[in-house]
Amino acid sequence: MPADICLLLEGTYPYVRGGVSSWVHQIIRGLPELTFALVFIGGSRKDYGELKYELAPNVVHLETHYLEDSLRDTKPHPVQFEGKRLEEVRAFHRALADYQGAVSKPELDTQLDTLLRTVEQPDGVNREHFLFGSGSWDFFREVYTRSHAPAPFLDFFWTLRLMHGPIFQLAKIAAQAPEAGAYHTISTGYAGLLGAFLERRRGRKLILSEHGIYTKERKIDLNQADWIDALRPRRSLDLEDQGSSTRRLWIRYFEGLGKLTYRSADPIIALYAGNRARQLQDGADPARTRVVVNGVDVKQFEPALRARPSEVPLTIGLVGRVVPIKDVKTFIRAMHFVIGVIPSCEGLIIGGADEDPSYAEECTALVRSLGLEESVRFLGHQKVIDMFPKLGLLMLSSISEAQPLAVLEAFASGVPCVVTDVGACREQIEGLTDDDRALGLAGRVVPFADPEALGRAAVELLEDPQRWRDCQAAGLSRVRSFYTQESMIDAYRDIYRKARPT
Amino acid sequence: MEPRTPPSRERISDKEQSALARRFARACGLSLLAGAALAELFAAEALWHDAVSRAVFLHFVCVAATTFGVALALAPMPREDALFVAITCVALVGCLPGTGFIGVALVALPCWFERGRARPLKLIERPMPSFSSEALEGGGALGISSKDPLSHTVEVENRVAAVKALRNMEATRAIPLLRRALTDPAEDVRLLAHAILDRRERNVRAKLEQSIALLASADASPRPNDVKRRAHVELASHYWELAYGGFVSGDSARGVLELAAEHAIAASAHPGERVALLIAIRAFLRLRQLTNAERALSRARQSDVPAALLAPLRAELAFLQGRFSEVDDALSSLSPLSSQKPYVAEVTRFWADRGSS
């Protein structure tokens, strides 16, 4: 029996702990009347272990795919294959490269349909044709000569192969994916591409909910990637970055995937107005975009609120994985400042440290070098409901966020927050609408990568019990009025109802 | 706070002498230009009377007099500019008899007047730029020029490319710009700057570990003194970069600067070691340990560290000690290339104007 909703999940639930995974888990549990199928896409098997969440009874299907398989078991061998068979792939390229939106939706649909009829079909183009076919070689040369010379051909060749492998693999997955009333992807990228394929193949609606903006995050990753710069002289200060046509190729590839997803999905959901603006900038149709904020089950956190001591605990917590984007080092430096003023204060880092072991080691070394071994502790993953009563403040030092659930959960548990000015954090602390702002400040907002500012803000709240209580009250009112799980679940119930065939 | 010493009478006469020398040079330049004009007129008169060889000779005299005259009239100028000016004069005056000289004179004379004119300095209206390295971190001393690749008016993609270019740039130049990029309105720029700074810090800390290990193993090596000297220099340099890069703050920064100074002084105990002294002076200045800075500066002078390298440090020390009249003199030892850097030029001009007013 087909599931009601098929969730397309790239690098997240149910194999990775974090905000997005928790959100997915909330949606599934909050809609017990619906059945869910899960299609997980990961990069490499070794990056994912066992399930991190207990699947709810209404999850009726789970399948897992790894993109590394797209280039696996491919022993090079000659394949006779005419280049003109790649016309469907060329057309798809044109659609992917359509930055000005010149290709209309019906044209795009036709190209996708043609591609899906051809790719990985018995008489069509398969992965081996593309990787080893003689006609494919001509295709590579044609594209290179047209748009990528004089960048190194070798880099171009391998990049194009790496890019196309997953396309063939996802087309195959789309042919075998479970039937569902609607498909819901939690990002653009590869999951979004799969969603676009499924929307055409199955004739079902595709829903897109973006937490972070996938395309933006890939661009940032690519801009920071060292391996790309190894392809050109290290001493070059050339602002044109000519040696990195590879970087541009990848950025355009992900931009193309993003646009393709935006054009296939309806609705396109963002967590807050800032991300919606970014979606529009990246090509989303304004008529299809909307904002549905995160929500928390306030009742679930009432025991944590009741368990709070009467005094403000001199404990500051960071709830998040120990990864660079959470900028745990800035938290540690902020704690160094705080402990300089309030020696009895302690810092707790509540989150897994296994995702980026080298970064975790740097953080541990920093704690040692600052002499904070007794005051700052890494607790690993913990149940936040048990931890919040022990915290006087939640500190979020992230360099990039969307709408962190940890802040809302802290509010519901009566914990004010000191956050960096990224994503929707400011509107969580200060409020968005007039009614929301009237509730007051639920903490403090500081610039990112400024440990002293974080530390000063934390000291200000910990040393002033009245101000602390005002922030606590504001946070509680804010989350109860504007960020409830009920309203978020109701919104998605309605979205799913409209998306599924009647 | 260090006691302020009154300006010495000798220092004032040195300054007056160099101002006189500049005025004399400009006067000679003007005289040469006048002579060049006469030579060109006589060359024209000779040509009128068919005395070609005399005309050619007088024309060459005009070219030479114009070239030297312009160079003296517009002195002082950097060597590179002087060469360019000379080539232009020779080309224009030599190849365009009559009109070439008129064109050059029309350009040079207004510059001569502008340079000679004393500009009154209104201290209240003109902010005094700080010339310590900390000032660069704020980035606000000069404002943002239209050519500034990190200006918020530049496209985001170009700002991203500019930040990427800082990856391989030397720390003293790259870090202030990266810190400025942390406040960029575009997230892509901020995150890239943060990642680059984070990587730099990681590299410095890794190198620190290696240098600490090197020092620990020095006694066991065949040439312990050489190894110790190298280890001390490296440690001083890495601790300094940690502090300068803003990777430590508050008491930690103080501690790191003290370590930088300690290792620098230890390295400088080895004969011939000069680089470490510069680090020691910088660290003492940051720590506001001015007596130690002065001592290190004196040792650096005795060790024949080039005056151009010591110039900014001498100037900063003089400023911190309240010996304001010595600041201009210290800055005048800067190399022409350094003194033309936008930030440094502003500072140098301020103190030169203050000194001449």
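Predicted model: local features only at pLDDT ≥ 70, side-chain atom pairs only at ≥ 80, totals over all residues.
Before you start, residues are numbered from 1 along each chain as its sequence is written, and chains are lettered from A in the order in which they are written. Local features need pLDDT of at least 70, side-chain atom pairs count only at pLDDT 80 or more, totals for chains and interfaces use all residues, and side-chain values use heavy atoms, with hydrogens and water left out.

**Stop 1: the interface.** Select the residues of each chain that touch the other, with contact meaning heavy atoms within 4.5 Å. You will pick up 30 residues from chain A and 26 residues from chain B. Together the two chains bury about 2,400 Å², 48% of it on carbon and sulfur atoms; buried area is the accessible area (1.4 Å probe) that two parts lose on being put together, summed over both.

**Stop 2: bridges across.** Now look for salt bridges, where a side-chain nitrogen of Lys or Arg is within 4 Å of a carboxyl oxygen of Asp or Glu. Six of them cross the interface of chain A and chain B. On the chain A side, the elements that give two or more residues are α8 (214-224), α9 (226-229), α13 (328-341) and α14 (357-369); helices (H or I, at least four residues) and strands (E, at least two) are DSSP runs, numbered from the N terminus. The largest share, five residues, comes from α8(A).

Stop 3: Select Asp198(B) and Lys329(A), whose side chains form a salt bridge (3.2 Å, N to O). Arg202(B) is partly exposed at 33% relative accessible area, while Glu362(A) is buried at 18% (buried means under 20%, exposed over 50%, partly exposed in between; 1.4 Å probe, protein chains only). Salt bridges that share partners join Lys329(A), Glu362(A), Asp198(B) and Arg202(B) into one network.

**Stop 4: inside chain A.** The whole structure has 42 salt bridges over all chains. One to select is Glu401(A) with Lys326(A), at 2.7 Å, N to O. Glu401(A) sits in the loop between β11 (393-396) and α16 (405-412), and Lys326(A) in the loop between β8 (315-319) and α13, so the pair ties together parts that are 75 residues apart in sequence.

**Stop 5: inside chain B.** Finish with Arg323(B) and Glu326(B), a salt bridge at 2.1 Å, N to O. Arg323(B) is buried at 14% relative accessibility, and Glu326(B) is buried at 19%.
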